Amino acid sequence: MKICVLVKEVPDAAVEKRIDPATGRMDRSGEKNLNPFDTHAIEAAMQLKEGGELAVDEVVAVTMGPDSAVRALHKAVSLGADRSVHLSDDALEGSDVNGTGYALSRALAAEAPDLVLLGQQSDDGECYTIGAVVAEHLNAPSLTQVIKIDVEAGKLRCERQAEYGYDTVLVELPAVISVGDAINEPRYPSLKAIMGAKKKPLEKLAIGDVGIAPDRVGYANARARCGDFHAPPAKQAGQIIEDEDTNETVEKIVAWLDERKLI
Amino acid sequence: MDILVYALHYEGAFNKNSLGAVSEAARLASQIGGEAHALVLGASDELTDDLCGQLGAYGATKVYRAEGPEGLAQPVVDAMAKVITDDGYGYALFGGGLLGFEIGAGLVARLDAGVTMEVTAVRADGGKLIAERPILQDSSVSDVEYHSPVGVIIGRLNAFEADDSLGTGAASVEDVTFERSPQSGRATMVSRGEQRGADVNIEDAKVLVAGGRGLGKAEGFEALEALAGAMGGAVAATRAVVDAGWYSYSAQIGQTGKTVSPKLYLAAGISGAIQHKVGMQSSENIVAINKDSNAPIFEFSDLGIVGDLNKIVPKLTEAVKAKRGS
């Protein structure tokens, strides 16, 4: 049995994100981190593999992105993935959710996994949707925002919080499941795993290798195209207190609340 | 051009965000020369003519009634894809929530459609719709236009206002039969809507003291309960800590929880992710305590305290008690 984990490189939270005025797209030059939600997806894959209730032979990390995205794959491998697949092609640049989901599904179809796991959201955009797009292309059942996975007679018993409370859903394999950060505590990679990550097999794919139609990907073929950017209605910045002397800080808070008749 | 909306219902009532989506679709359809229609899916005995017809007041002129398992996205994708293909809709619109993301995303693949998520406003321009989506922690807004026969618009929680005076009467109800895709039969609901933790009322509280992951552990809520008690308020929580089992689901703010607007919202150890923000941003006064000076919550709080909540909250509780006692 094979588990593919979709991973993504995202802007480091410490790096200020901005739109490149020349292209109207996200300036991704400061990117350098594996999407935190994806580390939970890898951990979920490792726990399924180590749990032994499913006979998982390998965990494969899959990403789509420019050359730099290789770092996300190295991180994924250091966290336990056996090998990785890097879909990278100039033609993919600027793809929207439609194009990205389609392209990823082609790369996944070539791997024919029994389970696809991914983080439910990323800091920079395609929140909650990619998993469900990929699932439809693969004709697989899908569930997003899952916080608990148990194996039950070869199926996955998944829990998640939905509009009216917690739902439990039984999902047959092969399936596509996105996970939330409450699902587990990702392990820290060992120094040995970090050093060894670059030696694990990494396959690089261009769109032609997995039959991606060039007219369905890239910015020019985006079905939803970001046009103008404008500033949101401005909200007046609030007052900030740096807590140095807590007694003094508390006095200030109480005065602030009192002034507004809140206590 | 007509707009199709998915209306989520549960235990005989429609979801407030779905009603907002129906009203938004009606407002927009009138500007692009079309009508707003809705699709509901569930058990046939629950989806009465009366219930479905209620969507008329919110602006839907027609309601498609489909039979299928509730609470799962892919059966709805099957039904909506068929209706959209057969009857030629230009847009599919969803209110904020979890199922809307999943159904909308499914339609993207099924209909080769464009999609915009977390939409806060939609406007008509030359017979087409343009979706406005805030990006980069709401620091910028992007105008998204569609280059596909069908555009999928997924609203942010509470983005669209429900208005029950938009329609002229009950909507007509049309039963629709559709073929289930193989994948939509391979996930089954075991149990739905389980409430975890004590049932607490936070929606009527004038003061809410809310805790997030920055509390460090479940016991961190004890200090917040003491503060809320001193202020005559109630305690609320973020999704992260509710999912972790630290606090009751019924006290959860945001995306899949409650929307509140108390006089005072005091956030302790909450970073201020969009999913939380959408549930509390209309509070009259927002005070945030967080040790990370870069936390997004400071960008929409009226008073921000950068510091250790474990030091500040107990002292604040004592000070509030002293003040109120005097």
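How many Å separate the centres of domain 1 of chain B and domain 2 of chain B? The centres, taken over C-alpha atoms, are 33 Å apart.

This is a predicted model, in which local features need pLDDT of at least 70, side-chain atom pairs count only at pLDDT 80 or more, and totals for chains, interfaces and linings use all residues. Residues are numbered from 1 along each chain as its sequence is written, while chains are lettered from A and ligands numbered from 1 in the order in which they are written.

**View 1. The two domains of chain B.** Domain 1 covers 3–185 and domain 2 covers 207–325 of chain B (bounds from an automatic or database domain assignment). Seven residues from domain 1 of chain B and seven residues from domain 2 of chain B make the contact (C-beta atoms, placed from the backbone, within 7 Å). Chain B has an average pLDDT of 96 (the predictor's confidence in each residue, from 0 to 100).

**View 2. The side of chain A that touches chain B.** In the contact between the chains, 67 residues of chain A meet 77 residues of chain B. Helix H6 (246–259) of chain A is among the elements that each supply at least two residues to this side, and H6(A) gives the most, with eight residues. Helices (H or I, at least four residues) and strands (E, at least two) are DSSP runs, numbered from the N terminus.

View 3. E11(A) and strand E13 (residues 187–194) of chain B run antiparallel and are joined by five bridges (strands pair if DSSP finds at least two bridges between them). B:Ser191 in E13(B) is the bridge partner of A:Thr168.

Technical notes:
Contact = placed C-beta atoms within 7 Å.
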